[in-house]
Amino acid sequence: MAKVLEFVYDIACPYAYLASRQVEDAARRCGATVNWLPILLGGLYEASNAPQAGSATDVMAKAKQQILARDLSMQAQHVGVPLVHNSKHPIRTVSALRLILSAAEGLRPVVTHELFKAYWVNNCDVSDEKQLQSIANKYNLQMDALNSDAIKLQLHTNTMRLAEMGAFGVPCFIVDGQFYWGQDRLFLAERALGRHDAKPRRNMRPPYNHRPHTLVYYHDFSSPWSFLAYQQVAGVAKETSAILICKPFLVGALFKSIGTPVEPLKALTSSKASHFRKDLNDWCDYLGVKLQWPSVFPILSVRALRVALCNEEVMRTLYCAAWIENKEIAQKSVLYEVLTKAGFDGGALLEQAESKEIKELLRKHNDEVLALGACGAPTFQILDPDGKQVALLWGQDRLNVVSDILCGWRPKSETEKGLSDPENRYPMARL
């Protein structure tokens, strides 16, 4: 049976643009064909009861908007494609999407590439009839078809199909009825297609002679993504000869400071919350980690974080207790039992954790991560050999980029590229 990779997108999404430049190569590696499936992102937002009406960043805290805008620029450079913020963004894409659907299936990829280039490279208005007419003429397409009932129905059907699957944004990749959301999840779709050695994109490998960088890992035991990052971060540091510094901080305090819900999961729509669990399980399967969701969540981690500041060697024990053994590490008695069973002096550590010095150190880490402009856990700060910050990244799904930077790859800033988006109004696929 022929393998099919369905690629779901809207021209208005920059991450979908990045995905469009990778999906054909991914399909070739898997011996699969690509089915190009344009949908109306606004319609998907409406169907999934998304809180935003326009850009997904509209409802985000400023700190998150800023770090995601930098992330988009960095991801474009990491993929190796040009990206220019469109001064007219957001642009209505209904006609552009209908133009794609008016083309024969074999032409849809090239028409899609033309429209993405117009939007995200050439700063064009893809809602302008003259712009669409020039593309239509190039591929012998009829503009009259854009208003046909059949084309309108197809776009609506595509959009509703994704909504019924529980999707809430683009890009998505569908394999055998399962969808993977985000251009950085393309490797998971490849694995589902049978390429079991597929991994997140890497551009560089460790050099043999270089002065070591420093990787600062800001984390919280209450974060499942920090748990997954912990499974990998020591290996990343070893592979790249980096100096690893682990800094516990209270992510709830950060959320409160920047205006993000202290319990983000409760603020998600039902479809997004459901996908959160699926995505977490996908990453666990990829990493070979067995995770058990805590019976009591969110985890009140402040005492455990202070203990980790007393002795960094307890980190593995506490992460395993919270996310594998389902131990309520918020409870002092449980924390004592877990530490003692692992061979630590639980009583001494818990006593030290109540000291003024340790409490002040945790507050210092909270102040540091806030000043850096972080928006969640885990956060990775990369310092060059002279102690200068090279990059700040958020999320364990950016460890591939972290590794490349530690190996010497350097993303250019928007200023260096001569570009800027002062309002940070990109419609993010990564919420």
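Me: Which helix and which strand each supply at least two residues of the lining of the largest cavity?
Reply: A cavity is a set of points, on a 1 Å grid over the protein atoms alone, where a 1.4 Å probe fits but cannot get out; lining residues have an atom within 4 Å of a point. Helices (H or I, at least four residues) and strands (E, at least two) are DSSP runs, numbered from the N terminus. Here the elements are helix H4 (62–79) and strand E8 (389–394). H4 has the largest share, four residues. This is a predicted model in which local features need pLDDT of at least 70 and side-chain atom pairs count only at pLDDT 80 or more, while totals for chains, interfaces and linings use all residues. Residues are numbered from 1 along each chain as its sequence is written, and side-chain values use heavy atoms, with hydrogens and water left out.

Me: What is the volume of the largest cavity, and which residues line it?
Reply: A volume is the space filled by probe spheres set on the grid points, which are joined across faces, edges and corners. The largest cavity comes to about 40 Å³, and the structure holds three cavities of 30 Å³ or more. The lining consists of Ile67, Arg70, Asp71, Met74, Leu392, Leu393, Trp394 and Arg398. For classes, Ala, Val, Leu, Ile, Met, Phe, Trp, Tyr, Cys and Pro count as nonpolar, Asp, Glu, Lys and Arg as charged, and the others, Gly among them, as polar. That gives five nonpolar, no polar and three charged residues in this lining.

Me: Why is helix H5 described as largely enclosed by the rest of the structure?
Reply: Buried means under 20% relative accessible area, exposed over 50%, and partly exposed in between (1.4 Å probe, protein chains only). Seven of the nine residues of H5 (residues 94–102) are buried, so the helix is largely enclosed. The buried residues include Val94, Arg98 and Leu101. Their cover includes strand E1 (3–9), strand E2 (32–38), helix H6 (108–120), helix H7 (129–138) and H8.

Me: Is histidine 365 buried or exposed?
Reply: Histidine 365 counts as buried because its relative accessibility is 6%. Its place is in helix H18 (residues 356–372). Contact means heavy atoms within 4.5 Å. Not counting residues up to four places away in sequence, histidine 365 touches Tyr218, Lys247, Pro248, Phe249 and Leu309.

Me: What is phi of asparagine 326?
Reply: Phi of asparagine 326 is near 55°, a positive value in a residue other than glycine. Asparagine 326 counts as partly exposed because its relative accessibility is 24%.

Notes: 1 Å grid on protein atoms, 1.4 Å probe; cavity = no way out; pocket = protein on both sides within 12 Å on 5 of 7 lines; lining within 4 Å.
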